[in-house]
Amino acid sequence: MTYNSEIKGYVHSIETAGMVDGPGVRYVIFLSGCPLRCKYCHNPDTWKANHGNFMSVGELIADIKKYRSYMKFSGGGVTITGGEPFVQAEFLTELLKACKANGFHTAVDTSGYTTADRAEQALQYADLLLLDIKSFNPTTYKNLTGVELDKTLETLKIAERLQVVTWVRFVLLPGYTDNMEDMHKMADFLRLLENVQKVDVLPFHKMGEYKWQEIGEVYELAAVEPPSLEELRLARSVLEM
C-alpha cells in the first residue's frame, strides 16, 4: 500500500500509552480543529484549526514505530482523534493508509460530522470506528453540539457498508440525553447494524471544565451533576450490547 509521507497536518498532542481509545495499548493522536461545540466537551483546547505541531505523516510513523512492541503485545494500535479528525480529512486518510501499510491496527475516534466522500475515503483504511452519538434526538443533538445529527448517521451507514467494526459512545447527561424514549429509539436503530459491536454508555463529568475557563469560554453545565449509579445502570440496560 502506498501513501504520501510528506502530507502534513496539525497535531494538538500525542498520548503514547492510551488505554481507553480502542483495544490494547494505543498510540493516540489528537488532531486540531473541530466544527462542533459540545456543551460538555472536555478538550475545548483542540477546537482551533491550524494550531499545534505541524507534522508530516512520515514523522508520525517514525515515532509510532518506536512503540510497536507494546502495541503488538497488548493487541493495540493507533487511534486518531481530536478535536474532530475529519477537519483534516486528507491528512487523516494518508495517516491511516500509512499505519495500515506498516501493520498497525487503526481506529478513528470521531463525531462522524463530515461529508460522505471524506468518510468513505478514510474509513476504508480503518479497522475500528469509535463513533460518538451525543443524542438520537435531532433537536437535542443540535442543542448540545451546534450542528445537525444527519452527518453522524450517514457516517455510520458508510461504516456499515464498508464493514468497519464500530463501537458507539454515548454520554449520559442529566436533563439532556437521559430521555428514555430517545434512548430506546437509538437502541432499536443500532441493533439493526451488523457492524456495531458494542455501545458504551459513559457518565457525564466535569473534569474538563477548567479548560473552558483557560480559553475564555463559558461552561454552561457548571450546575449539572453527573448521573446517579441507578440512572447509569438504567441507561446501560437499554443501550449496551
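Select Phe86 to begin: setting aside neighbours within four places in sequence, Phe86 is in contact with Leu92, Val108, Thr110, Tyr113, Thr114, Arg118, Ala119, Ala122 and Leu123 (contact means heavy atoms within 4.5 Å). What you have open is a predicted model, where local features need pLDDT of at least 70, side-chain atom pairs count only at pLDDT 80 or more, and totals for chains, interfaces and linings use all residues. Residues are numbered from 1 along each chain as its sequence is written, and side-chain values use heavy atoms, with hydrogens and water left out.

Stay on Phe86 for a moment. Phe86 sits in the loop between strand 4 (77–81) and helix 3. Helices (H or I, at least four residues) and strands (E, at least two) are DSSP runs, numbered from the N terminus. Is Phe86 buried or exposed? With a relative accessible area of 2%, Phe86 is buried (buried means under 20% relative accessible area, exposed over 50%, partly exposed in between, using a 1.4 Å probe and protein chains only).

Next, pick out helix 3 (residues 89–101) and helix 4 (residues 116–123). Their axes come within 8 Å and cross at roughly 20°. Axes here are lines fitted to C-alpha atoms, for helices over the stretch in contact, and angles run from 0 to 180 degrees between N-to-C directions. Helix 3 and helix 4 are therefore roughly parallel to each other (that label covers angles under 35 degrees; over 145 is roughly antiparallel, 65 to 115 roughly perpendicular, and the rest oblique). Want to see who touches whom? Show Ala89, Leu92, Thr93 and Leu96 on helix 3, then Arg118, Gln121 and Ala122 on helix 4: these residues make the contact.

Now jump to Ser56, in strand 3 (residues 53–56). Ser56 is buried too, with a relative accessible area of 7%. Not counting residues up to four places away in sequence, Ser56 touches Ser5, Glu6, Ile7, Lys8 and Phe91.

Last stop: the cysteines. How many disulfides does a search of the whole structure find? The count is 0, a disulfide being a pair of cysteine sulfur atoms within 2.5 Å. Select Cys38, which is in no disulfide; its nearest cysteine sulfur, that of Cys41, is 6.2 Å away. Cys38 counts as buried at 9% relative accessibility, and Cys41 is buried with a relative accessible area of 17%.
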